[in-house]
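Reader: I would like to learn how to read the packing features of a protein model, taking them one at a time. Could we work through an example together?

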Amino acid sequence: MTSSNAAAESHIKSRNRDMLSGEAIAEAKLTDWRKLAQGLHARYLVDDFDAGARFVTAVGEAGTALGHHPSVSMGKSIGKGYVDLKLVSADALYRDNEGTEHVVEWVTQQDVDLARVITEIAADHQIDADPASVSVLELGLDTAHSATIAPVWAALLTGNADAQGHGSPSDEIRDATGRIPNLWFGDVNEHESQRFHLEVYVAPEVAVQRINAAVAAGGTVVDDSSSPSLTVIADQDGNTGVLCVAETPMAKTES
């Protein structure tokens, strides 16, 4: 391989590692998938375990061919089983305003490419997607001292100090094995009290229904200034949760 070809191949690999913007992900029109938090998520409904296993095997073979694999879990709900898939690149490149590169967990072109292939595999297996059912839970802690307290939470939640800043340029706590929800830190000033809250990422098409259900159950919308991306809801005791939508609904991205 000549030096020019090697440089071109290196440039292509680097470009494929670039983190994709929300707009680029929406423009990909991945009908089976939803961007929640850092990754792409899909749920496929299967008749039984054997059907799910055959589907997962085919997905694994496709991932091997592309050199990238999703996270997979299987389970059974009322009526049907399901296969949950998550696609995210652990080595995505993020460039800050100064042009400094950071390695983060995020969606890249390789995730989009594999998502398309998996959608085709599901069609071949006559398996339906249920994109409205996907959801991700994260924890938020408001503090003025994230760098100081993050090591404590990294040790408590994962037992590993490397979980602080894993896949993120911030002090966020992420378990590399995915056993626990991510913990991120929100900024408050010295005089504000620290507080925990939950962030629930849902598919765009169910956000309004989820908010209405929470309000009907006695909750209150306390801040919708960033809606539909973020809607803060409080329970009757004042505890807050944030309903998050990480992408534009598919219907609005179609030409």
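This is a predicted model: local features need pLDDT of at least 70, side-chain atom pairs count only at pLDDT 80 or more; totals for chains, interfaces and linings use all residues.

Reader: How many helices and strands does the protein chain have, and what percentage of its residues count as buried?

Author: The protein chain has 7 helices and 13 strands, and 38% of its 255 residues count as buried.

Reader: In what order do the strands of the open sheet run, and which of them are the edge strands?

Author: The open sheet is formed by 6 strands in the order S9-S8-S10-S13-S12-S11, with mixed pairing. Its edge strands are S9 (183-187) and S11, each of which pairs on one side only. From one strand to the next, the twist averages 30 degrees.

Reader: Which strands pair in the parallel sense, and what packs on the sheet there?

Author: S8 and S9 pair in the parallel sense over 5 bridges, and within this pairing Leu141 stands opposite Phe185 in S9. Helix H5 packs on the sheet, where it touches S8, S9 and S10, and its direction makes about 160 degrees with that of S9.

Reader: How should I read the antiparallel part, and where does S12 find its partners?

Author: S12 (residues 230-234) pairs in the antiparallel sense with S11 (residues 220-226) over 4 bridges, and in the antiparallel sense with S13 (residues 240-244) over 5 bridges.

Reader: What is the general idea about side chains in a strand, and how many residues of S12 are buried?

Author: In a regular strand the side chains alternate between the two faces of the sheet. As for the case in hand, S12 is mostly covered, with 4 of its 5 residues buried. Thr231, whose place is in S12, has a relative accessible area of 3%, and because buried means under 20%, Thr231 counts as buried. Setting aside residues up to four places away in sequence, Thr231 touches Ile211, Val221, Asp223, Asp224, Gly241, Val242 and Leu243.

Reader: Is Leu137 buried, exposed or partly exposed, and what is Leu137 in contact with?

Author: Leu137 lies in strand S8 (residues 135-143) and is partly exposed, with a relative accessible area of 40%. Apart from its neighbours within four places in sequence, Leu137 is in contact with Pro181, Asn182, Leu198, Glu199 and Val200. The C-alpha atoms of Leu137 and Tyr201 are separated by 6.3 Å, although these residues are 64 residues apart along the chain.

Reader: How is a pair of packed helices described, in general terms?

Author: Two packed helices are described by the angle between their axes and the distance between the axes. Here the axes of H3 and H4 (residues 109-124) come within 10 Å and cross at roughly 150 degrees, and the crossing is right-handed. The contact is made by Phe55, Ala58, Val59, Ala62, Gly63 and Leu66 on the side of H3, and by Leu114, Val117, Ile118, Ile121 and Ala122 on the side of H4.

Reader: How many aromatic pairs does the structure hold, and why is a pair called edge-to-face?

Author: The structure holds 3 aromatic pairs. The rings of Tyr44 and Phe55 have centres 5.1 Å apart and planes at 65 degrees, and because planes over 60 degrees apart count as edge-to-face, this pair is edge-to-face. Since Tyr44 lies in strand S2 (residues 39-46) and Phe55 in helix H3 (residues 49-66), the pair ties together parts that are 11 residues apart in sequence. Both Tyr44 and Phe55 are buried.

Reader: And which aromatic pair involves Trp153?

Author: Trp153 and Phe196 form an edge-to-face pair, 5.2 Å centre to centre and with 80 degrees between the planes. Trp153 lies in helix H5 (residues 146-158) and Phe196 in strand S10 (residues 195-202), so the pair ties together parts that are 43 residues apart in sequence. Trp153 counts as partly exposed at 23% relative accessibility, and Phe196 is partly exposed with a relative accessible area of 44%.

Conventions: Residues are numbered from 1 along each chain as its sequence is written. Side-chain values use heavy atoms; hydrogens and water are left out. Rings of Phe, Tyr and Trp (its six-membered ring) pair if their centres lie within 6.5 Å; planes under 30 degrees apart count as stacked, over 60 as edge-to-face and the rest as tilted. Helices (H or I, at least four residues) and strands (E, at least two) are DSSP runs, numbered from the N terminus. Buried means under 20% relative accessible area, exposed over 50%, partly exposed in between (1.4 Å probe, protein chains only). Two strands pair if DSSP finds at least two bridges between them. Axes are lines fitted to C-alpha atoms, for helices over the stretch in contact, and angles run from 0 to 180 degrees between N-to-C directions. A crossing is left-handed if the near helix is turned anticlockwise from the far one by less than a right angle, and right-handed if clockwise. Contact means heavy atoms within 4.5 Å.
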